[in-house]
Amino acid sequence: MVQKVKLNNGVEMPMEGFGVFQIPDTQCEQVVLDAIETGYRLLDTASSYKNEEVVGSAVKKAISTGVVKREELFITTKAYIQQMGYEKTVQAFYESLNKVGLEYLDLYLIHMPLGDYYGAWRAMEDLYEAGKIRAIGVCNFDAARLMDLCYNAKIKPMVNQIERHPHYQRMEELSVMKELGIQVEGWAPFAEGLKGMFTEPVLQEIAEKHGKTVPQIILRWDIQQNVVIIPKSVHQKRMEENLTIWDFELDHEDMEKIAQLDKNVPSMLDCSKPSEIDRLYDYLNNPVLTSL
């Protein structure tokens with residue numbers, strides 16, 4: 001059974017969910033239906049993924065066939081850079097809401113710490129207070145940007161979704177978010193398999209010790225540090241595998257060994273690099289994954 005974490009506004013969020021980044025429209029509806037049937041209740045999409053409508057269609061099918069109730073689901077989407085600014089973000093929110101075909105969203109996020117995200121945040125505060133969103137948050141904000149937003153916001157973010165995996169552990173940032181009362185959510189928990197993630201000898205050794213797979217070890221490591229995770233797979237067997245992390249625990253020695261894998265550099269997104277800023281601003285026209 002997937003555990004839940006209580007956000008700073010009292011809303012409960014599943015600690016493990018399902019991401020749909022890069023899942024093509026032709027597959028996405030069935031994949032999301034499979035994920036819901038497998039037991040996932042947190043679904044994570046974004047306007048820039050261009051599959052909100054298909055996710056919404058799968059959700060409606062799952063609800064209408066009695067697989068799940070709307071109140072059991074936790075639906076997340078995000079506003080991209082070109083949708084920043086008060087009026088643009090209000091418009092973007094309603095466009096996303098219409099695409100997923102729901103009356104409210106559970107979590108709405110600023111996707112990147114770029115553009116007029118202060119105007120966007122004010123819009124999200126108003127939408128939240130109007131009851132259109134159960135929780136609001138940000139993505140990819142480093143500790144300094146997050147603190148600055150908190151100092152200027154009427155309502156603090158409830159969630160910060162960041163790149164987080166054994167090669168990029170960000171422990172100091174996790175500590176800051178804990179002090180601020182902001183829930184950490186980790187995207188790309190496997191770093192898309194980059195830089196030999198799945199063949200790390202330490203992770204293989206720990207997996208063998210527990211009779212688990214390397215992905216299960218990584219997800220369990222996140223959970224034990226109170227990080228919400230959103231793994232992705234188009235294969236139902238792997239969806240099931242990724243959910244089978246609630247029946248064991250990593251011990252102190254395991255956690256210490258994994259701590260030694262931290263390279264302290266991102267594998268996929270670095271908002272301090274000019275090449276990455278160019279890539280992000282052009283992403284909707286040219287969806288390159290990383291310049292790192």
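Predicted model: local features only at pLDDT ≥ 70, side-chain atom pairs only at ≥ 80, totals over all residues.

Residues are numbered from 1 along each chain as its sequence is written, and side-chain values use heavy atoms, with hydrogens and water left out.

A disulfide here means a pair of cysteine sulfur atoms within 2.5 Å. Across the whole structure, the search finds zero of them.

Is Cys139 buried or exposed? Cys139 is buried, at 1% relative accessible area. Cys150 counts as buried too, at 13% relative accessibility. The cut-offs are under 20% relative accessible area for buried and over 50% for exposed, with partly exposed in between (1.4 Å probe, protein chains only).

**The strands around it**

Strand β7 covers residues 136-139. Helices (H or I, at least four residues) and strands (E, at least two) are DSSP runs, numbered from the N terminus. β7 pairs with β8 in the parallel sense, over three bridges. Pairing requires that DSSP finds at least two bridges between the strands. Opposite Cys139 stands Gln161 of β8. To get from β7 to β8, the chain passes through helix α5 (residues 143-152), and this β-α-β crossover is right-handed. Right-handed means that, with the strands pointing away from the viewer, the path from the first strand over the helix to the second runs clockwise.

How many residues of β8 are buried? Five of the five, residues 159-163, so the strand is largely enclosed by the rest of the structure. β8 also pairs with β9 (residues 183-187), again in the parallel sense, over five bridges. Val159 stands opposite Gln183 in β9. Helix α6 (residues 171-180) carries the chain from β8 to β9, in another right-handed β-α-β crossover.

Touching, or contact, means heavy atoms within 4.5 Å. In soluble globular proteins, nonpolar side chains tend to be buried together.

Met13 sits in strand β2 (residues 12-14). Its relative accessible area is 0%, so Met13 is buried. Leaving aside neighbours within four places in sequence, Met13 is in contact with Val159, among others. Its contacts also include Leu42, Phe74, Leu107, Glu185 and Val228.

**Beyond β9**

Ala188 lies in the loop between β9 and α7 (201-210). Its phi is near 50°, a positive value in a residue other than glycine. Ala188 counts as buried, at 12% relative accessibility.

Which residues of α7 are buried? They are Leu203, Ile206 and Ala207. Seen down the axis of α7, they fall within an arc of 105°, so they line one face of the helix. The arc is that of the directions from the helix axis to the C-beta atoms. An α-helix has 3.6 residues a turn, so residues three or four places apart point the same way. Pro201 and Glu208 are exposed on the other side of α7. Just after α7, Gly211 takes a positive phi of about 65°.

The cover over the buried residues of α7 includes α8 (214-223) and α10. α8 is itself mostly covered, with ten of its ten residues buried. Trp221, Arg220 and Asp222 are among them. Those buried residues pack against α7, β10 (228-229), α9 (236-243) and α10.
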